[in-house]
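Please keep the sequence and the structure in view while reading.

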Amino acid sequence: MGVKIYSCSACIEWLWAIPKVLILPGILLGFASIAQSGAAQSISQSSDSSELRDITGIEPMPAVPARPWWPFALGIAMVLLTSMFLVGWRYWRRYFGEGEVAPGPWALALMRQIDSLNLPDTGQVDKYHTLYSEVIRHYLEKRFQVRASRQTTPEYLQAIRASSLLDSSQRNMLKEFLERCDLAKFAQIRFPKEDCQALGQSGRNFVEQTAGDKSSR
């Protein structure tokens with residue numbers, strides 16, 4: 001059960017997640033440096049022209065020094081490096097850096113917090129199922145490194161059937177759990193409190209059977 005799935009789609013998503021809008025400060029920084037350099041040159045030329053000189057013949061125009069390009073490039077490079085560092089740090093924490101809490105105990109702790117809200121008692125059945133569904137989906141990402149939170153239920157169930165991460169009973173348990181959550185979230189079915197409690201127990205059983213460590217039991 002410890003098989004991990006990696007794909008190039010995560011790398012592509014990592015690259016596209018770079019906040020490209022942060023390039024704008026680098027561009028502004030470069031243009032500001034160039035403008036400041038041009039203003040300094042204009043002041044220098046005007047000060048030289050104020051000095052009186054004897055009338056001489058026609059002199060060639062002095063060569064205008066090239067504007068420095070390095071402030072522009074340096075600004076963009078700094079913004080890009082900072083953006084890549086922030087995005088990389090976020091993805092590292094999401095997939096590898098949260099090892100101090102195992103996925104099983106992490107999911108069970110969140111389920112206990114959801115139960116403490118007593119959402120079915122206040123008529124918030126859809127919210128109860130939504131929260132439980134999110135916990136299970138994120139648990140699957142942490143436990144097996146699979147993209148579960150952004151897939152629809154049919155898409156994910158089809159992908160999980162083609163893998164060996166879960167046995168047949170666990171796949172059936174997951175299928176019933178997710179489909180039941182979809183009925184409450186999208187079909188707005190008002191399940192009674194007893195059915196909600198049964199769903200919560202089903203989610204805890206699924207985590208305990210697939211966590212792979214004794215600390216989750």
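Does C181 count as buried or exposed? At 0% relative accessibility, C181 is counted as buried. The model is a predicted one, and every value below is computed from it.

## Cysteines

How many disulfides does the structure hold? The count is 0. C181 takes part in no disulfide, and the nearest cysteine sulfur to its own, that of C196, lies 9.7 Å away.

C196 is buried, its relative accessible area being 1%. C181 is buried as well, with a relative accessibility of 0%.

## A nonpolar surface patch

Which residues make the nonpolar surface patch of about 520 Å²? They are W69, W70, L74 and M78.

One of these residues, L74, sits in helix 3, which covers residues 70-95. Residues in a patch must have over 30% relative accessible area. L74 has a relative accessible area of 41%, so this residue passes that cut-off while being classed as partly exposed.

## A glutamine between two helices

Q145 belongs to the loop that links helix 5 (125-144) and helix 6 (153-161). Is Q145 buried or exposed? Its relative accessible area is 13%, and Q145 is buried because the limit for that class is under 20%.

What does the side chain of Q145 reach? It reaches the backbone oxygen of K142, at a distance of 2.8 Å.

## The chain as a whole

The secondary structure of the protein chain consists of 8 helices and 0 strands. Read from the N terminus, the order of elements is α-α-α-α-α-α-α-α. Helix 3, with L74 in it, is one of these elements.

Of the 217 residues in the protein chain, 29% are buried. Among them are Q145, C181 and C196. The protein chain exposes about 14100 Å², and 63% of this area is supplied by carbon and sulfur atoms.

Notes:
Residues numbered from 1 in each chain as written. Predicted model: local features only at pLDDT ≥ 70, side-chain atom pairs only at ≥ 80, totals over all residues. Heavy atoms only, no water. Patch = residues over 30% accessible without salt bridge, like charges linked within 9 Å, V, L, I, M, F, W, Y side chains within 5 Å. Areas by Shrake-Rupley, 256 points an atom, 1.4 Å probe, with all protein chains shown as cover. Salt bridge = Lys/Arg side-chain N within 4 Å of Asp/Glu carboxyl O. Helix = DSSP H or I, 4+ residues; strand = E, 2+ residues; numbered from the N terminus. Buried < 20%, exposed > 50% of the residue type's maximum accessible area, 1.4 Å probe, protein only. Polar contact = N/O pair within 3.5 Å; in protein donor to acceptor, adjacent residues only side chain to side chain. Disulfide = S-S within 2.5 Å.
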